[in-house]
Amino acid sequence: MEHEIGFPSDGLTLKGALHAPDHVTLPRPALILCHGFGGSCRGAGHPELARALQGAGYVVLRFDFRGCGQSEGERGSVICLEEASDLGHAIDFLEMQSCVDRSRIGVIGASLGGSVALYVAARDRRVKLCAANGALGRGERRFRFQYRDPAEWETFRKRLDDAKRVRAETGKKVMLDRFEIVDIPEHNRAGLPQGAVMEFTAETALSMLAFNAEDTIGAIAPRPLLLIHPRQDAVVPVSETESMAATAGENCEKHIIASQNHFGSADPTLMAITLDWLRRKMPA
């Protein structure tokens, strides 16, 4: 069973889909899927992953963060702490579903959605386990991977400083091209959802620059944590997951997979690893 849903978050209505195993007779463990930067729950393999998890016996919620996909909110504005608030309200929504076992709720995120999932899991004890694929641990470190030349880095930082000045003096938001914030190689751009937003506020970049899920990842312990990363990821380097895994502790299971696809939530290897981990840590 799969049907469209909506739920409130800070005065906005967020849209998504709820998947439940057919003929549910008892409350089931539930999982929330978090999409990546400026994306949608309708692309990048999220529907396929949700259906695989549903088939394994889990209730699954996939939803669009505010300003993304079909959800309400300002287009071109992705603020990490606002997405963390959205995920908290998604947990509220799941807790109200009769088919959900409230004591067994987990979160699974991809890319920036993975970072948001890690951040929320560290702070919200309702989250009983967390998995992240291709996530970034420290915002500035990921940006320095994109802007490796010192001169390019200084130019980018100056763009952000100028944007802050313009906002303070005029109230006007300065917009940046999507690929200035998160560059995506041509071979990976097919993973962008249809109609993807291509311009974002400078505040979006500043939010991501200051967002450091790695700083709190240790607080997830002793709850189970799964980190997966494509070895040849050119959008978020594999070193992000390597660093987070080293910080996390013994509760963390790390898998580096042979792939270059950053938008790989439906990757067969990733899905197999995730399903095996769930069967061991939170069986349906």
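Colleague: How much space lies in the second largest cavity?
Modeller: This is a predicted model, and the values below are computed from it. Rolling a probe the size of a water molecule over the atoms shows where empty space is left. The count comes to two cavities of 30 Å³ or more. For the second largest cavity, the space is about 90 Å³.

Colleague: Which residues are the closest to the centre of the second largest cavity?
Modeller: The second largest cavity is lined by 14 residues. Strand E3 (28-34), helix H1 (46-55), strand E5 (100-110), strand E6 (127-133) and helix H9 (268-281) each supply at least two residues of that lining. The closest to the centre are Leu 49, Ile 108, Gly 109, Asn 133 and Ser 265.

Colleague: How many charged residues does the lining of the second largest cavity have?
Modeller: Nine residues of this lining are nonpolar. Five are polar. The number of charged residues is none.

Colleague: How much space lies in the largest cavity, and which residues lie nearest its centre?
Modeller: The space in the largest cavity comes to about 230 Å³. Its lining holds 25 residues, and by class these are 13 nonpolar, ten polar and two charged. Nearest the centre lie Gly 36, Phe 37, Ser 111, His 262 and Phe 263.

Colleague: What is the make-up of the lining of the largest pocket by class?
Modeller: The largest pocket has about 190 Å³ of space. It is lined by 19 residues, and Gly 39, Ser 40, Cys 68, Gly 69 and Gly 195 are the closest to its centre. By class, the lining has six nonpolar, ten polar and three charged residues.

Colleague: Why do H5 and H7 count as oblique to each other?
Modeller: Two packed helices are described by the angle between their axes and the distance between the axes. The axes of helix H5 (residues 150-170) and helix H7 (residues 202-210) come within 10 Å. An angle of 65 to 115 degrees would count as roughly perpendicular, and one over 145 as roughly antiparallel. H5 and H7 are therefore oblique, as their axes cross at roughly 120°.

Colleague: How do the residues of the contact of H5 with H7 divide by class?
Modeller: The crossing of these two helices is left-handed. From H5 come Trp 153, Phe 156, Arg 157, Leu 160, Ala 163, Lys 164 and Arg 167, which meet Ala 202, Glu 203, Ala 205, Leu 206 and Leu 209 in H7. The division is eight nonpolar, no polar and four charged.

Colleague: At what angle do the axes of H1 and H9 cross, and what is the hand of the crossing?
Modeller: In H1, Glu 48, Leu 49, Ala 52 and Leu 53 meet Met 271, Leu 275 and Leu 278 in H9. The axes come within 11 Å and cross at roughly 35°. The hand of this crossing is right-handed.

Colleague: Are H2 and H3 roughly parallel or roughly perpendicular to each other?
Modeller: The axes of helix H2 (residues 80-95) and helix H3 (residues 112-123) come within 9 Å, with a crossing angle of roughly 65°. Angles from 65 to 115 degrees count as roughly perpendicular. The helices H2 and H3 are therefore roughly perpendicular.

Colleague: Which residues in H3 do the contact residues of H2 meet?
Modeller: H2 passes H3 in a right-handed crossing. On the H2 side the residues are Cys 80, Leu 81, Glu 83, Ala 84, Leu 87 and Ile 91. They meet Leu 112, Val 116, Ala 117, Tyr 119 and Val 120.

Colleague: Which residues does the cis peptide bond join?
Modeller: Most residues other than glycine have a negative phi, and most peptide bonds are trans. Here the bond has an omega of about 5°. Its proline is placed in the loop between H7 and strand E9 (225-230). The residues joined are Ala 221 and Pro 222.

Colleague: What is the phi of Asp 10?
Modeller: Asp 10 is found in the loop between strand E1 (2-9) and strand E2 (12-19). Its phi is positive, in a residue other than glycine. The value is near 50°.

Definitions and conventions:
Residues are numbered from 1 along each chain as its sequence is written. This is a predicted model: local features need pLDDT of at least 70, side-chain atom pairs count only at pLDDT 80 or more; totals for chains, interfaces and linings use all residues. Side-chain values use heavy atoms; hydrogens and water are left out. On a 1 Å grid over the protein atoms alone, a cavity is a set of points where a 1.4 Å probe fits but cannot get out, and a pocket is an open set with protein on both sides within 12 Å along at least five of seven lines; lining residues have an atom within 4 Å of a point. Grid points are joined across faces, edges and corners, and a volume is the space filled by probe spheres set on the points. Ala, Val, Leu, Ile, Met, Phe, Trp, Tyr, Cys and Pro count as nonpolar, Asp, Glu, Lys and Arg as charged, and the others, Gly among them, as polar. Helices (H or I, at least four residues) and strands (E, at least two) are DSSP runs, numbered from the N terminus. Axes are lines fitted to C-alpha atoms, for helices over the stretch in contact, and angles run from 0 to 180 degrees between N-to-C directions. Angles under 35 degrees count as roughly parallel, over 145 as roughly antiparallel, 65 to 115 as roughly perpendicular and the rest as oblique. A crossing is left-handed if the near helix is turned anticlockwise from the far one by less than a right angle, and right-handed if clockwise. Contact means heavy atoms within 4.5 Å.
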